[in-house]
Amino acid sequence: MSYVLTCCSTADLPKEHFEKRNIPYTCFHFMMDGTEYPDDLGQTIAFDDFYKRIENGAKPTTSQVSPEQFTEFFESFLKEGKDVLHVTLSGGISGTYNSAVTAANGLAEKYPDRKIYVVDSLAASSGYGLLMDMAADRRDEGMDIDGLRAWIENNRLKIHHWFFSTDLTSYYRGGRITKTSLLFGTLFHICPLLNVSNEGKLIPRNKYPGKKKVMSEIVKRMIEHADGGREYNGKCFMCQSACYDDARRVADLVEAAFPNLAAPVMINSIGTVIGSHTGPGTVALFFVGDERKN
């Protein structure tokens, strides 16, 4: 191809999957216990170790990709004579889109014959990953860079993101819930259900008593919004933070409710940057549906 389709590590797909789909990525970073690490899809710190350290009291902080890092990343392809289509983590939860645009604008003068496009995914984690995977399908079918840029912009709000958590500690630390909500939710096993809005922001929607109820409700959201309802025949991705069994239970419910899925549900790990904010105990479900409105 005359161009590369790229993203950031926060698309939360396995390293091997990105390599198989030929999607280069650049890594966010996080700080834990005084040491900075790359968000390199579990290569430097295994996901289980990362979440165990949070359970033991570690409080990781994250940093976005800098314009300088983007410049180096983009230029590695431009030097090869290739155009670049980069899709970023949602601007609703990170300033990385602006950093990528700054880098692209700076390189445009140096490489006037090359196209350098930056698109805000308005997505996060494996929902962002699902968008990238679908974009790679169009690229492999022969869509050119301008057509693919337009396709991503026209379809990014059709990627639905639904999350629930059984551990509210990190949501309290991040300011998403109050201390009272933390104590009440922990005492009564309240599980919040959240989604990503059309502005790419993570929004709490409902609260449910216990995992069984919230698991049922998250599947109901897919039935309500999926393209074709129960006849949905597209891809479905999930991710989880140190709670694979919970994710597997939801995946089983999804596969029973949607017998025409294009493939079995793919369950990934929530990466270290997104996981720094969710902590352990979060399950997320992603699929293609009607356009997100709020």
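Predicted model: local features only at pLDDT ≥ 70, side-chain atom pairs only at ≥ 80, totals over all residues.
The largest cavity holds about 40 Å³ of space, and its lining is made up of M1, Y3, V4, L5, N22, P24 and R139. Among the elements of secondary structure, strand β1, which spans residues 3-8, makes the greatest contribution to this lining, with 3 residues. When the lining residues of the largest cavity are sorted by class, 5 are nonpolar, 1 is polar and 1 is charged.

R139, one of the residues that line the largest cavity, also takes part in the packing of helix α5 against helix α6. Helix α5 (residues 125-140) and helix α6 (residues 145-155) have axes that lie 10 Å apart and form an angle of about 150°. Angles over 145 degrees count as roughly antiparallel, so this pair falls into that class. The crossing of α5 and α6 is right-handed. On the α5 side the contact involves L131, M134, A135, R138 and R139, and on the α6 side it involves L148, W151 and I152. These residues comprise 6 nonpolar and 2 charged ones, with no polar residue among them.

A second pair of helices is formed by α3 (residues 67-78) and α4 (residues 96-110), whose axes come within 8 Å and cross at roughly 50°. The two helices α3 and α4 are therefore oblique to each other, and α3 passes α4 in a right-handed crossing. From α3, the residues P67, F70, T71, F74, E75 and L78 meet a set in α4 that consists of T96, S99, A100, T102, A103, A104, L107 and K110. By class, the contact of α3 with α4 contains 8 nonpolar, 4 polar and 2 charged residues.

Helix α9 (residues 211-225) packs with helix α10 (residues 244-257) at an angle of about 40°, and the axes of the two are 10 Å apart. For this reason α9 and α10 are described as oblique to each other, and their crossing is right-handed. In the contact between them, K211, M215, I218, V219 and M222 of α9 meet D246, R249, V250, L253, V254 and A257 of α10. The residues of this contact divide into 8 nonpolar and 3 charged, while no polar residue is present.

Note on methods
Residues numbered from 1 in each chain as written. Heavy atoms only, no water. Axes fitted to C-alpha atoms, helices over the stretch in contact; angles between N-to-C directions. Helix = DSSP H or I, 4+ residues; strand = E, 2+ residues; numbered from the N terminus. Parallel < 35°, antiparallel > 145°, perpendicular 65-115°, else oblique. Left-handed = near helix turned anticlockwise from the far one by under 90°. Contact = heavy atoms within 4.5 Å. Nonpolar A, V, L, I, M, F, W, Y, C, P; charged D, E, K, R; others polar. 1 Å grid on protein atoms, 1.4 Å probe; cavity = no way out; pocket = protein on both sides within 12 Å on 5 of 7 lines; lining within 4 Å. Points joined across faces, edges and corners; volume = space filled by probe spheres on them.
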